[in-house]
Amino acid sequence: MHELSYFRANLDTIAARLAARGFPLKVDEFRELDQRRRAAVTETEQLKARRNSESGEISKLRKQGIDTSEQQRQVREIGERITALDEQVKQLDDEFRQMLAGIPNVPHESVPEGRSEADNVE
């Protein structure tokens with residue numbers, strides 16, 4: 001199976017090589033899926049940082065004897081959102097695996113263009 005980071009870095013070249021052998025790579029679909037996954041991962045990381053920060057703040061406030069029930073509720077909501085985003089990322093990763101598994105090996109530059117072995121030069 002293909003490596004996702006390699007595909008990101010060389011998407012146009014890969015699409016051109018595959019097209020030369022008759023396989024139409026859905027570049028727009030790949031980019032849209034990649035954008036959605038990256039957005040979900042970024043939001044998850046930001047929420048985790050916020051949750052950690054607020055948890056530390058709650059701990060300080062509790063030591064001072066201040067009621068933190070509202071802050072705790074907000075942190076729980078953040079945790080629920082993180083769980084939902086983690087599930088979304090997992091589903092997007094599965095979609096990527098399926099997409100990448102359906103893409104044939106990229107032919108070497110020396111392979112002549114054509115759709116079948118009849119197009120090969122001896």
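Rings of Phe, Tyr and Trp (its six-membered ring) are paired here if their centres lie within 6.5 Å; planes under 30 degrees apart count as stacked, over 60 as edge-to-face and the rest as tilted. By this rule the count comes to 2 aromatic pairs, and Phe7, Phe30 and Phe96 form one aromatic cluster.

The model is a predicted one, in which local features need pLDDT of at least 70 and side-chain atom pairs count only at pLDDT 80 or more, while totals for chains, interfaces and linings use all residues. Residues are numbered from 1 along each chain as its sequence is written, and side-chain values use heavy atoms, with hydrogens and water left out.

**Stop 1: the whole chain**

Display the protein chain as a cartoon. It contains 4 helices and 0 strands, in the order α-α-α-α along the sequence; helices (H or I, at least four residues) and strands (E, at least two) are DSSP runs, numbered from the N terminus. Of the 122 residues, 30% count as buried, where buried means under 20% relative accessible area, exposed over 50%, and partly exposed in between (1.4 Å probe, protein chains only). The chain exposes about 8,500 Å², of which carbon and sulfur atoms supply 46%; accessible areas come from the Shrake-Rupley method with a 1.4 Å probe, and for residues only the protein chains shown count as cover. Among contacts (heavy atoms within 4.5 Å) with a separation of 6 or more, 72% join residues 24 or more positions apart.

**Stop 2: the aromatic cluster**

Phe7 is buried at a relative accessible area of 0%, and Phe30 is buried at 2%. Phe30 also pairs with Phe96 in an edge-to-face arrangement, 5.3 Å centre to centre with 70° between the planes. Because Phe30 lies in helix H3 and Phe96 in helix H4, this second pair ties together parts that are 66 residues apart in sequence.

**Stop 3: the nonpolar cores**

A nonpolar core is a set of buried Ala, Val, Leu, Ile, Met, Phe, Trp, Tyr and Cys residues joined through side-chain atoms within 4.5 Å. Select Phe7, Leu11, Leu25, Phe30, Leu100 and Ile103: of the 15 residues in the largest core, these touch the most other members. The elements that give two or more residues to this core are H1, H2, H3 and helix H4 (69-101). A second, separate core of 6 residues includes Leu47, Ile78, Ile82 and Leu85.

**Stop 4**

Select residues 11-20, helix H2. Its buried residues are Leu11, Ile14, Ala15, Arg17, Leu18 and Ala20, and their cover includes helix H1 (4-9) and helix H3 (27-63). After H2 comes Gly22, whose phi is positive, near 90°.

Buried residues of H4 include Val75, Gly79, Val89, Leu92, Asp93 and Met99, and H1 and H3 are among the elements covering the buried residues of H4.

**Stop 5: the salt bridges**

The structure holds 10 salt bridges, each a side-chain nitrogen of Lys or Arg within 4 Å of a carboxyl oxygen of Asp or Glu. Select Arg37 and Asp93, whose side chains meet in a salt bridge at 2.4 Å, N to O. With Arg37 in helix H3 and Asp93 in helix H4, the pair ties together parts 56 residues apart in sequence. Both Arg37 and Asp93 are buried.

Continue to Arg81 and Glu43, where the closest N and O atoms of the salt bridge are 3.1 Å apart. This pair also links distant parts of the chain: Arg81 is in helix H4 and Glu43 in helix H3, 38 residues apart. Arg81 is partly exposed at 38% relative accessibility, and Glu43 is partly exposed at 29%.

**Stop 6: Asp34**

Keep Asp34 selected; it lies in helix H3 and counts as buried at 9% relative accessibility. Leaving aside neighbours within four places in sequence, Asp34 is in contact with Arg8 and Phe96.
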